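Please look through the model shown here and read the briefing that follows, which is grouped by topic.

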There are 2 protein chains.
Amino acid sequence: MDTINLLDIHSPQDIKKMDVAQLNATAAAIRSALIRKLAAHGGHVGPNLGMVEATIALHYVFNAPTDKIVFDVSHQAYTHKMLTGRMPAFVDAERYDDVTGYTDPHENSEYDLFSIGHTSTSISLATGLAKARDLAGSHENVVAVIGDGSLGGGMALEGLDFGATLGTNFIVVVNDNEMSIAENHGGLYADLRLLRHTNGTAEPNIFRAMGYSYRYVEYGNDIARLIKAFEDVKDINHPVVVHIHTMKGLGLPVAEAHKERFHWSMPFDPETGAPLTPEADDYTDIFARQMLTRMASDHTVTVLTAGTPGAIGFTPSRRRAARKQFVDVGICEQQAVGMAAGMAKGGLKPMVGVAGTFLQRAYDQLSHDLAINNLPAALCIFHTGIYGIPDETHLGFFDIPFISNIPNILYLTPTCSEEYSAMLDWALDQTTGPVAVRTPGGAVISNPDCEIIADYSQPRYMIRRGGDQVAIIAVGSMYAVAEKAADILRAKGYEPTLINPRNVTALDTTALDTLAEYRIIITAEDGILDGGYGQKVAAYLGEAPVAVRCLGLKKEFLNEYNATKVAEQACLTPEGIASTALSYLER
Amino acid sequence: MDTINLLDIHSPQDIKKMDVAQLNATAAAIRSALIRKLAAHGGHVGPNLGMVEATIALHYVFNAPTDKIVFDVSHQAYTHKMLTGRMPAFVDAERYDDVTGYTDPHENSEYDLFSIGHTSTSISLATGLAKARDLAGSHENVVAVIGDGSLGGGMALEGLDFGATLGTNFIVVVNDNEMSIAENHGGLYADLRLLRHTNGTAEPNIFRAMGYSYRYVEYGNDIARLIKAFEDVKDINHPVVVHIHTMKGLGLPVAEAHKERFHWSMPFDPETGAPLTPEADDYTDIFARQMLTRMASDHTVTVLTAGTPGAIGFTPSRRRAARKQFVDVGICEQQAVGMAAGMAKGGLKPMVGVAGTFLQRAYDQLSHDLAINNLPAALCIFHTGIYGIPDETHLGFFDIPFISNIPNILYLTPTCSEEYSAMLDWALDQTTGPVAVRTPGGAVISNPDCEIIADYSQPRYMIRRGGDQVAIIAVGSMYAVAEKAADILRAKGYEPTLINPRNVTALDTTALDTLAEYRIIITAEDGILDGGYGQKVAAYLGEAPVAVRCLGLKKEFLNEYNATKVAEQACLTPEGIASTALSYLER
């Protein structure tokens with residue numbers, strides 16, 4: 001076997017000269033580098049290890065950037081990055097942070113066409129590229145890579161359906177690793193299994209049913225076979241699906257054995273798979289334990305996930321314990337929310353556990369199916385605020401604007417673990433309409449003094465009355481920050497009134513009216529200001545003498561940001577809140 | 001044939017006693033009544049005329065409300081309403097307005113399970129009902145009716161995919177009338193056509209591919225055959241698709257001949273099909289004419305619709321004129337926006353024409369695919385404001401909160417036809433990022449004095465400076481209202497400053513700073529206040545001496561509302577704005 005120096009690979013041109021043996025050696029070297037980086041740095045383990053060979057074959061056969069390759073969800077694009085000018089970020093530990101975990105035009109706009117982090121979008125995006133090519137009269141290949149559970153998403157199916165009608169070159173590579181993040185769900189995957197078991201010969205075949213030519217590659221980690229398949233479809237004059245059977249986590253035994261655990265991981269021991277830092281107690285765990293307890297005593301309590309059970313604390317053993325009261329609909333947020341609406345109508349107590357960024361995909365279902373029908377389904381929103389996921393495609397600070405401005409939805413914002421549990425229970429048991437609970441960001445805060453109430457349906461602020469000069473209305477995990485700000489202000493001789501608004505969907509106007517003659521009210525929320533809670537307060541008090549100052553984030557997409565710095569810049573720290581108040585009070 | 005008195009039918013029980021001849025006579029009587037009402041009153045013509053027999057057969061075979069029937073989009077549910085206690089609203093012209101055009105639990109919560117007006121939701125909702133049934137251990141049938149172009153929507157495909165795995169009774173009735181609102185689009189429909197042409201025997205069969213049993217009914221307007229098919233699947237113990245081939249508009253020759261024109265209609269002459277009131281010049285027409293002009297001189301200009309070409313002015317003849325520069329993706333908003341992102345990346349100038357209420361279904365595509373990637377695609381938003389569609393499922397006053405709070409999107413709000421055209425042109429030609437243009441609500445307003453500028457990318461208010469006491473910031477079509485309010489105020493001795501903010505995504509802080517010492521600023525927008533533009537102004541000026549009063553709608557779903565009354569209640573009239581100002585100025 002040739003000796004491969006990965007750092008000699010600067011662009012796909014450098015692998016086009018290789019023979020199969022050299023390509024295989026390259027794959028082996030890439031896989032070793034990936035395992036080294038993933039173990040030390042964390043990231044998407046299984047998806048990347050499974051796609052090493054297919055990515056090499058794609059870049060060997062197709063001529064990017066002239067040919068367009070769009071990677072769905074793009075968490076499997078590490079090998080692509082290595083082959084397109086970013087090798088040092090994968091072999092030099094000092095430079096591991098040079099690249100993001102997703103395709104990113106800011107890094108390389110020639111090869112990374114889109115910033116992508118949500119699933120199921122690649123086919124639609126590729127149809128647009130194909131249309132542009134056709135109207136321009138050019139002839140490059142357009143390739144959409146999709147798989148890893150993404151194919152079942154509604155947008156992917158819309159794209160697949162439309163792509164079939166293009167009538168020109170359009171290549172969909174279905175990366176079938178037999179998995180989603182967890183198990184696959186849905187009838188589509190039964191068909192994929194049938195196709196795998198018949199070496200692609202079976203009917204029914206969903207791709208042929210939609211109008212695609214179809215080609216199956218059983219050995220989807222075999223470079224020579226992949227090259228053959230891709231060469232066969234290169235420059236094809238109509239839509240085709242190349243269905244490749246890959247192995248998630250290939251080459252790392254712990255990842256091959258524990259595919260769900262190693263879909264994504266923090267740094268780990270590559271031999272044992274043990275995480276290098278112990279996992280802290282978190283709200284996810286509180287949520288899952290509480291739901292299991294509720295399920296055991298009430299058979300109408302049901303928890304739904306859209307393909308991310310682990311992210312809401314439902315490990316495989318907990319899923320087994322929950323039995324039929326746990327539903328994973330696959331990576332299909334629209335289905336999750338629509339189904340929850342039907343379940344509520346049918347008398348169940350559904351609880352949808354979902355990251356705020358992914359719930360964006362069910363905005364219309366929240367509005368049209370749940371809210372208009374005012375059905376008592378509950379949702380628990382994860383990864384919110386500044387301390388969520390710092391990738392621009394997974395930001396947690398847009399949830400308040402998009403959820404709280406839909407009529408009929410009550411969006412509760414607990415400040416501590418005691419209030420979180422109380423609100424989750426109340427959300428399940430209430431019968432008035434849809435209720436979402438915002439999981440606080442950051443570490444778990446316990447506050448035994450938090451006032452728990454029996455009914456969260458009405459706007460009723462929790463108030464810690466101070467003097468009559470300054471009040472701080474602090475949403476969710478900002479409340480603990482405001483308490484520390486109050487300490488600073490007290491040291492300066494001011495006694496602030498502290499308010500936990502409990503929800504961000506309605507104003508306690510009775511309470512606000514008592515503040516109309518204060519000097520200043522500060523609102524603090526760990527979300528963007530635009531469309532948020534503070535602006536509602538400011539507008540309500542627009543004619544009152546009191547000044548209102550809203551603290552929150554700017555309306556912008558941040559990427560790979562430092563949460564501490566962002567909090568400081570937005571004055572969402574004890575010092576920031578206190579100095580904001582003082583700068584007004586001491587004018 | 002028996003004589004049928006429709007008013008003798010009070011519930012489905014009354015048709016269960018009938019023989020086939022009586023059922024056929026009932027169908028004939030219902031069809032006559034429908035044509036009479038539709039011609040006089042307007043409504044969804046083709047969808048309802050096509051589903052008379054299938055609805056009778058469904059209610060004959062299944063035992064609603066114990067058995068659950070969910071009608072997708074529910075614009076075809078008139079016969080269902082007639083059979084479930086609401087016959088007078090279809091035979092007595094005085095009572096035509098007793099019912100809405102969609103299933104509505106407020107009218108009849110036993111038979112109308114959900115308020116539904118968007119497409120593609122019925123299967124998901126029904127999976128929830130089925131899950132509730134299964135956990136409760138009961139055995140009623142759960143039936144989802146879908147068709148008329150709805151099946152290609154992502155949520156429907158997610159639901160279909162998941163429903164296949166239920167393992168219990170689950171009946172999907174696919175109403176295949178060979179049409180969407182306009183033509184069908186997508187590979188799926190090629191498969192439906194193949195199935196029709198082979199009497200349901202062909203492979204590939206997308207339903208079987210997903211795991212459903214399958215049954216085809218070629219004569220989907222033949223009650224006896226429909227009854228046979230439904231009886232065969234009643235109480236089935238697994239998921240099944242019943243694919244029925246119906247004829248849209250059956251029984252009304254003009255509707256059979258002109259299916260797209262008669263999908264929905266204002267009142268019309270049932271013989272000639274001519275509308276009873278001439279159509280006024282409207283923004284839809286301005287949009288389509290302008291786009292055709294642009295397309296002719298620039299081959300990169302492309303217009304996309306998600307299944308509603310007529311609603312954006314693209315009649316069949318205009319679609320022919322636009323050729324390959326017009327794309328109808330079917331009722332698939334996610335695909336439309338995702339494809340537009342790809343087209344913009346590929347160098348085209350895409351313009352997505354879409355109703356605000358339907359764009360909700362592509363919220364994540366706006367954010368994740370367009371805005372994060374900051375791609376210069378344009379959108380034109382229709383049916384906005386108070387004067388849009390007054391059904392609770394089609395409201396036009398939520399667009400500002402959900403669009404304007406996404407970073408990087410510029411949402412322009414023209415005040416008149418001159419500005420509308422200028423902004424559409426600029427949105428197509430600019431290269432900075434996604435730009436949406438809000439089609440003004442109500443009748444076309446011409447204002448030759450409107451100041452047109454060369455660059456709309458920066459926040460720059462159009463200001464008609466008055467005295468220094470009161471300013472009115474009026475969004476879009478509210479600007480003309482504010483001009484009339486100014487006349488009233490002038491008569492009272494106040495000279496207001498009038499501001500057209502031009503967009504609702506950013507503040508012209510330089511201009512606002514000049515208003516900080518005014519007595520009062522009034523903001524007026526024909527959308528809900530929560531998350532809207534006025535609240536941004538109020539928050540920005542929260543510490544300034546000036547009072548800010550935001551006028552707009554309450555955060556609530558209105559149904560079948562009277563636009564004039566709603567505008568009056570919200571003070572979005574010349575008198576309302578003027579009296580709001582005066583009540584403050586004359587305190």
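**Briefing on the predicted model**

With a relative accessibility of 6%, Asp148(A) counts as buried, where buried means under 20% relative accessible area, exposed over 50% and partly exposed in between, computed with a 1.4 Å probe on protein chains only. This is a predicted model, in which local features need pLDDT of at least 70 and side-chain atom pairs count only at pLDDT 80 or more, while totals for chains, interfaces and linings use all residues. Residues are numbered from 1 along each chain as its sequence is written, chains are lettered from A and ligands numbered from 1 in the order in which they are written, and side-chain values use heavy atoms, with hydrogens and water left out.

**Backbone features**

- Asp148(A), which is not a glycine, has a positive phi of about 55° and is found in the loop between β3 (142-147) and α8 (154-163) of chain A; helices (H or I, at least four residues) and strands (E, at least two) are DSSP runs, numbered from the N terminus.
- Arg502(A), likewise not a glycine, has a positive phi of about 70°; Arg502(A) is buried at 2% relative accessible area and lies in the loop between β16 (497-500) and α21 (509-513) of chain A.
- Glu203(A) and Pro204(A) are joined by a cis peptide bond with omega of about 0°, and Pro204(A) is placed in the loop between α9 (187-197) and α10 (206-210) of chain A.

**Relation of the copies**

- Not counting residues up to four places away in sequence, Leu359(B) touches several residues, among them Val337(B), Leu366(B) and Phe402(B), contact meaning heavy atoms within 4.5 Å.

**A sheet in chain B**

- An open sheet of 5 strands in chain B has mixed pairing and the order β14-β16-β15-β17-β18, where two strands pair if DSSP finds at least two bridges between them.
- β14 (462-464) and β18 (547-553) of chain B each have a single partner strand and stand at the edges, so one side of each is left without a neighbour in the sheet.
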